[in-house]
Amino acid sequence: MTLYQGKCFCGAVELETDGEPEAMGYCHCSSCRSWSAGPVNAFTLWKPANVRVTKGADAIGTYHKTDMSHRKYCTRCGGHLMTDHPPLGMIDVYAATLPTLKFAPGVHVNYAESVLPIKDGLPKLKDFPAEFGGSGEMMPE
């Protein structure tokens, strides 16, 4: 099984994932944009059993903006680590947190909120896939 390791900005918190993510893509929602301080957020979704904190669990803070997203960060450097999505049963480990993972996006979500149109041929969902409680509605590039 493939193991990927990552850490926060200062290295106080380390984590690892094993296997392969359930999905990879880009989120364009205003919350992800604000949290990531960028026009789009690159995500990798994992089953919780495949994500472990291996160092610095005591330095992890959590911000609950909504019940959908429990955002995790290092309390020492502020580095963003991951977002727990309890209703989905998934954890989004930010793609940049896992430097050796070959990021292979398959979808854009919340594209209706996009401030950076991207023409890459990937599916563009208005919000979320229907299986995740969204409309599943596609949008043009």
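Reply: In this predicted model, strand 4 provides the largest share of the lining of the largest pocket, with three residues. Strand 4 spans 41-46, and at least two lining residues each also come from strand 3 (23-27), helix 1 (30-36) and strand 10 (107-109). The lining has 22 residues in total, and those that lie nearest the centre of the pocket are Cys27, His85, Val109, Asn110 and Phe128. By residue class, the lining is made up of 13 nonpolar, six polar and three charged residues. The space in this pocket comes to about 380 Å³.

The nonpolar packing can be described next. The largest nonpolar core holds 16 residues, and Trp46, Met82, Val93 and Leu98 have the most contacts inside it. Strand 8 (80-85) and strand 9 (90-93) each contribute at least two residues to this core. Another core, of ten residues, lies apart from it and includes Leu88, Met90, Val109 and Leu125.

Not counting residues up to four places away in sequence, Leu98 touches Tyr4, Gln5, Gly6, Leu15, Thr17, Thr44, Trp46 and Val93.

Glu16 is part of strand 2, residues 14-18. Glu16 counts as buried because its relative accessibility is 15%, under the 20% limit. With neighbours within four places in sequence left aside, Glu16 is in contact with Leu3, Tyr4, Gln5, Asn50, Val51, Arg52 and Thr54.

Key:
Residues numbered from 1 in each chain as written. Predicted model: local features only at pLDDT ≥ 70, side-chain atom pairs only at ≥ 80, totals over all residues. Heavy atoms only, no water. 1 Å grid on protein atoms, 1.4 Å probe; cavity = no way out; pocket = protein on both sides within 12 Å on 5 of 7 lines; lining within 4 Å. Points joined across faces, edges and corners; volume = space filled by probe spheres on them. Helix = DSSP H or I, 4+ residues; strand = E, 2+ residues; numbered from the N terminus. Nonpolar A, V, L, I, M, F, W, Y, C, P; charged D, E, K, R; others polar. Core = buried A, V, L, I, M, F, W, Y, C linked by side-chain atoms within 4.5 Å. Buried < 20%, exposed > 50% of the residue type's maximum accessible area, 1.4 Å probe, protein only. Contact = heavy atoms within 4.5 Å.
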